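Happy to walk through this one with you.

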Amino acid sequence: MKTVVVVGGGGAGAPTVRQLSATLDPSRHKLVLITSRPHFTHLIGCIRASVTSEGRFDEQVIMPYDALLTNRKGSIIIGEVKAIEEYGSRGGGIVTLTNGEVIHWDVLVLAPGSRWEGPIAVPATHKEAKMWFARWQMKFRRARDVLLVGGGAVACEFAGEIKDLDPDKKVTIVHSHERLLNKTYPNKFRNDVQQRLLSRGVTLILGDVVPETALTSKRVVTRNGITLTPDLIVPCRGPHPNTGLLISAFGHKVLTPSGHVRILRTFQLPEHRHIFACGDIADLKEQRQIEKYPHHATVVAKNVLSLLNGEPALEIYKGRHEIILLSLGKNGGASYFGYGWGMTFGDRITSYLKSQELLVSAIREKCLGLSPT
């Protein structure tokens, strides 16, 4: 019997496991998910869950794995991988957990996600997560002047949620680029997002940086000399790929300078064809978004099955059109769909597609096999 091990049960790992459990033959194949969390954490909803108790998003973002395995084909191990070993070019190896348990694999799928900072660096257990959200909600409730460090989607969404909580709170975003977000999106859309935030009273300081040493200071002086005195500083500078394990196993050559895993279009590592990497850690020329990861999972699952059957992995990932649904509070936002000349939408469409529910039902159903809320 051949064993497929998936490391990581997040936005890429969960749909990969779900698709594999639907296709693998349990009389010939064993499927094992190793995840450090006993549940799925819906990061998109964690921004609102950190700011307010309204809507009970602190409960909704914690989702069970109850229906993840189709017909219960496979097993879930709650633990952390501390080492990966490969037997040789023919594939196969072991992973060792922090508790000393050793698990054999014939095909290994790596989807450990990213390391976050600030409010969305949510602890692993349900109890710890509840306490985490409660503490951050109290911080936001008490703060009168909030500084958001970074101007990507996370900062923009935090700004909207804080203004929903209390329109009179002072909110400032400091971003190193001359416009919010990044160059993936056209300037017209980025300018529109800025105007929406400015209209809600958010202060934007662009083309400037908050020094690392200032993140724990009550008095902040930006690189350009602007002095700020917030009573709450929230880092929103984006995540780092969780790829330290690969360095210790295979050396730095398997990673790009940004720390992402070099892969083929089949999601295989070039010199380790029985190891796949998908989701946040994969080196792809696309924005890292959970909406894309079921498509990663489809390619990975088909190629894993081919390898198990002694056939080459031929399914390739062709990428996805760039789409962003940017919530700016529960009743507004801005959306961009990168089809053709690019289409943009405002409050009504964005609120309907995302802002009201933050994709909770879609993630429950598409990634985890659960009923919508």
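Below are some questions and answers on aromatic pairs, charges over rings, a helix crossing and one glycine.

This is a predicted model, in which local features need pLDDT of at least 70, side-chain atom pairs count only at pLDDT 80 or more, and totals for chains, interfaces and linings use all residues. Residues are numbered from 1 along each chain as its sequence is written, and side-chain values use heavy atoms, with hydrogens and water left out.

Q: Why is the pair of tyrosine 185 and tyrosine 336 called edge-to-face?
A: Rings of Phe, Tyr and Trp (its six-membered ring) pair if their centres lie within 6.5 Å; planes under 30 degrees apart count as stacked, over 60 as edge-to-face and the rest as tilted. Here the centres are 6.0 Å apart and the planes stand at 80°, so the pair is edge-to-face.

Q: What makes the pair of phenylalanine 189 and tyrosine 336 tilted?
A: The angle between their planes is 40°, with 5.8 Å from centre to centre, and the pair is tilted. Phenylalanine 189 lies in helix α6 and tyrosine 336 in strand β21, so this pair ties together parts that are 147 residues apart in sequence. Helices (H or I, at least four residues) and strands (E, at least two) are DSSP runs, numbered from the N terminus.

Q: How do you know that the charged end of lysine 139 sits over the ring of tryptophan 136?
A: The rule asks for NZ of Lys or CZ of Arg within 6 Å of the ring centre and within 35 degrees of the ring normal. The charged end of lysine 139 is 4.1 Å from the centre of that ring and sits over it. Likewise, arginine 48 has its charged end over the ring of phenylalanine 57, 5.1 Å from the centre.

Q: Which residues of α2 and α5 meet?
A: In α2 they are Ile47, Arg48, Ser50 and Val51, and they meet Val154, Glu157, Phe158, Glu161, Ile162 and Leu165 in α5. Contact means heavy atoms within 4.5 Å.

Q: Why is glycine 342 called buried?
A: Buried means under 20% relative accessible area, exposed over 50%, and partly exposed in between (1.4 Å probe, protein chains only). Glycine 342 has a relative accessible area of 14%, so it is buried. Its place is in the loop between β21 and β22 (343-345). Leaving aside neighbours within four places in sequence, glycine 342 is in contact with Tyr336 and Phe337.
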